[in-house]
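Here is a short briefing on a protein model. Keep the sequence and the 3D view open as you read.

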Amino acid sequence: MPHPNNSTLSTLYDSDVFRMACRQYDLAAEMIDIPDEALERTKYPKRCLTVIFPIRRDDGVVEMYEGYRVQHHLSLGPTKGGLRFHQSVNIGEVAALAMWMSWKCALVGLPYGGAKGGVKVNPSSLSVHELEGLSRRYMQEMIPFVGTDTDVMAPDVGTNEQVMAWMMDTYSTHIGHSVPAIVTGKPLSIGGSEGRREATGRGTAYFAKSYLNEMGIELSDTTVVIQGFGNVGSEAALGMVEYGAKVIGIGDHTASFFKADGIDIGRALEYAAKNRVLEGFTEAELIPNDQLLELECTVLIPAALERVIDENNASRIKCQVLAEGANGPTTNAADRIIEERGDIEIIPDILCNSGGVVVSYFEWLQDLQSTYWTRGQVLKKLKEILERSRLSVEEERRRLNCSRRMAALTLGIGRVAEAKHARGIFP
Ligand code: NAD
């Protein structure tokens, strides 16, 4: 039983998405034997930093921005997690994403705790110069809180390799020498890893293919719908096309498109690279955004934001495999509806999109050792870890007779709880 004092913990993070992550934790923790004394301390984020900082806009005006970093636990090593630039990010969302990073890293066997960061900003409203100022100033504010052995950032929604390069440069300038291991997802020229950019999306496609194979569905008979056409969504699309599937639906925050005989993903990528968004793409039929997730398809890949499949649309999605490229795309209520339906295989986020953090780990290792792996080495090691993790989830699922999401969570949570229990509490 939680101590009465614990019921007042963490009002700081209170939000739909934080409650969702906590509820998932509670359900998974109930299924495994976590010692009482480790129950609450495994659940809640250890610490966070909120910063409010200025940048000077190109017209000379000084504007203030709010940013966060949440480190969930440091029991297994440094924390690891992305940095999000989005206008609606808040500390509760960041805390939930940090929790999921913890379970994900433990599930795939990385020596990391989870973390996440965010700045409340619409990055497309800034010029490149302003974005650089924002990225550098955020890192400057974070210097006392991060480090190669403490907390290592990576790209997430609204950030990319260039943002990571500015952050690495800011940190290195402060320290006095190059510190490539301070962030992952950097350009290759400054210590990035082969295979990192495509790791999350290609990993998602890899898992989708594995489950389709098990279900006896031919890739050539497979249709795919993808929400989100950034790093994860576009790489997942390319991966699925490479496997022989047809991507019939894509969308971003500006527009969604359908084409029954398959969208030319190369052309869509060219268009998005030139225009920054899909809006205005003419080589497929424009459809309302809310219809995208409800298109009939074999594989549905949400690769945008959290909580897009909820109690309102869960009964209407028409896929056989739901491959969660995004973090937290399916609410707990939607999970229950899909489980009752019994006709959809869910590949849960902490397994499905884990390829990204696995190659981030490889990048960190290469940077710490000042060495570089070939693309072949990266992909071989990545595949080994993804497949081992997938098989461990299937085994846990059989052992506990539970959903795939619960199996993934119990493995991740169980490993963190075990480490915390073994280390004990500092008196
Ligand atoms: P990104 O910024 O590169 O792309 C995000 C995409 O989502 C964009 O195309 C954007 O237009 C779209 N989008 C945003 N709001 C939307 C909306 N309301 N409706 C439809 N589309 C919308 O971000 P990303 O790195 O591809 O991340 C996508 C998801 O994958 C996030 O949940 C992120 O946490 C998760 N993820 C990313 C990585 C990584 O390596 N980048 C790793 C693991 C998980």
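This is a predicted model: local features need pLDDT of at least 70, side-chain atom pairs count only at pLDDT 80 or more; totals for chains, interfaces and linings use all residues.

**Helix H4: length and buried side**
- H4 spans residues 128–142, a run of 15 residues.
- From first C-alpha to last, H4 reaches 21 Å, close to the 21 Å expected at 1.5 Å a residue.
- Seen by burial, Glu130, Leu131, Leu134, Ser135, Tyr138, Met139 and Met142 of H4 are buried.
- These residues lie on the same side of H4, because they cover an arc of only 165° around the axis.

**H4 against H5**
- The axes of H4 and H5 are 9 Å apart, and the packing angle is about 45°.
- H4 and H5 are therefore oblique to each other.
- Their crossing is right-handed.
- On the H4 side, the contact is made by Val128, Leu131, Glu132, Ser135, Arg136, Tyr138, Met139 and Gln140.
- On the H5 side, Val163, Trp166, Met167, Asp169, Thr170 and Tyr171 make the contact.
- Leu131, Ser135, Tyr138 and Met139 are buried residues of H4 and also take part in the contact with H5.

**Helix H8: two faces**
- In H8 (residues 265–275), Ile265, Ala268 and Ala272 are buried.
- They sit on the same side of H8, because their arc around the axis is only 60°.
- The face turned away from that buried side carries exposed Ala273 and Lys274.
- Helix H7 (231–242) and strand S7 (246–251) are what the buried residues of H8 pack against.

**H2 against H14**
- H2 (residues 36–43) and H14 (residues 404–423) cross at roughly 115°.
- Their axes come within 9 Å.
- H2 passes H14 in a right-handed crossing.
- H2 makes the contact with Glu37, Ala38, Arg41 and Thr42.
- H14 contributes Ile413, Val416, Ala417, Lys420 and His421.

**Two arginines with positive phi**
- Arg276 has phi near 70°, a positive value in a residue other than glycine.
- Arg276 lies in the loop between H8 and strand S9 (285–287).
- With a relative accessible area of 61%, Arg276 is exposed.
- Arg307 also has positive phi, near 60°, and is a residue other than glycine.
- Arg307 lies in the loop between strand S10 (299–302) and strand S11 (321–323).
- Arg307 is partly exposed, with a relative accessible area of 30%.

Notes:
Residues are numbered from 1 along each chain as its sequence is written. Side-chain values use heavy atoms; hydrogens and water are left out. Helices (H or I, at least four residues) and strands (E, at least two) are DSSP runs, numbered from the N terminus. The expected span of a helix is 1.5 Å times one less than its number of residues. Buried means under 20% relative accessible area, exposed over 50%, partly exposed in between (1.4 Å probe, protein chains only). The arc is that of the directions from the helix axis to the C-beta atoms. Axes are lines fitted to C-alpha atoms, for helices over the stretch in contact, and angles run from 0 to 180 degrees between N-to-C directions. Angles under 35 degrees count as roughly parallel, over 145 as roughly antiparallel, 65 to 115 as roughly perpendicular and the rest as oblique. A crossing is left-handed if the near helix is turned anticlockwise from the far one by less than a right angle, and right-handed if clockwise. Contact means heavy atoms within 4.5 Å.
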